[in-house]
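Let's take a walk through this fold, one piece at a time. Keep the viewer open and follow along.

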Amino acid sequence: MSVFGSRAPDDPIGELVALLARLPSVGERTATRLAFHVLGGDPEYARALGDALMGIHERVRRCVRCGNYGAEDICRICADPRRDERTLCVVARVPDLVAIEKSGTFRGRYHVLHKLLAPLDGVGPEDLPLDALVSRAAPVEVEEVIVATPLSVEGEATALYVAEVLGQAGVRVTRIASGVPHGGELEFTDQVTLGRALDGRKDI
Ligand SMILES: [Zn+2]
């Protein structure tokens, strides 16, 4: 029995299907279709896909400043001098940052937490990278920190905690307006709604 299940080692298609089926939103039927699609296509594509997957953890880094993903130590948003340093947007995950970027309504910089407060899952306040956020917000002239965590229980708890910590540091903290589906992830919210949620933000 392999680490991926009960597939025999001489069953490469079955092994590929089992691996693909572990991806989110991919059931066994889709996984089977994808596996046969790759098998029936150009071997060069399969090789390129394999290389891209194999190198993803080595080639992608977390930005030392904001936590965004990129190919360098400093991500392209932090490195862009045209971005407004006076406004920071706190997001839970990089896909949320990507969604906000696509909405085209935000020209500041980001801070990616990579997690939300979830006491039941063992994620407490000490696990959030807020020291880094406070030190970013303090020395440069940050006028506003927009908290764009999801409008879920964990997202709201995290937003309140961020507001508390930054409030003590004397930074203005705002929260995106509702309009993003309650409990919904930002990445699945359409660009217009996301833009409105940002524009309609309120102090917390
Ligand atoms: Zn960055």
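Helix H3 (residues 43-59) has 17 residues, and its first and last C-alpha atoms sit 23 Å apart, close to the 24 Å expected at 1.5 Å a residue. That expected span is 1.5 Å times one less than the number of residues. H3 does bend by about 25° at Leu53, the bend being the angle between axes fitted to the seven residues ending there and the seven starting there. Buried here means 20 or more other C-beta atoms within 10 Å of a residue's own, exposed means 12 or fewer, and partly exposed is in between, with C-beta atoms placed from the backbone.

Before going on, a word on what you're looking at. This is a predicted model, where local features need pLDDT of at least 70 and side-chain atom pairs count only at pLDDT 80 or more, while totals for chains, interfaces and linings use all residues. Residues are numbered from 1 along each chain as its sequence is written.

The protein has eight helices and seven strands; these are DSSP runs numbered from the N terminus, with helices (H or I) of at least four residues and strands (E) of at least two.

Now for the strands. Strand E3 (residues 84-91) pairs with E4 in the parallel sense over five bridges, where pairing takes at least two DSSP bridges between two strands. Leu88 has Arg109 as its bridge partner in E4. From E3 the chain crosses through helix H5 (residues 94-103) to E4, a right-handed β-α-β crossover. Right-handed means that, with the strands pointing away from the viewer, the path from the first strand over the helix to the second runs clockwise. Four of the five residues of E4 (residues 108-112) are buried, so this strand is largely enclosed by the rest of the structure.

E3 also pairs with strand E5 (residues 144-147), in the parallel sense over four bridges, and there the bridge partner of Leu88 is Val145. E5 in turn pairs in the parallel sense with strand E6 (residues 173-175) over three bridges, with Ile146 bridged to Thr174 in E6. The chain gets from E5 to E6 through helix H7 (residues 153-168), and this β-α-β crossover is right-handed.

Zooming out, buried residues make up 27% of the 204 in the protein. Its C-alpha atoms fill a box of roughly 60 × 35 × 35 Å along the principal axes.
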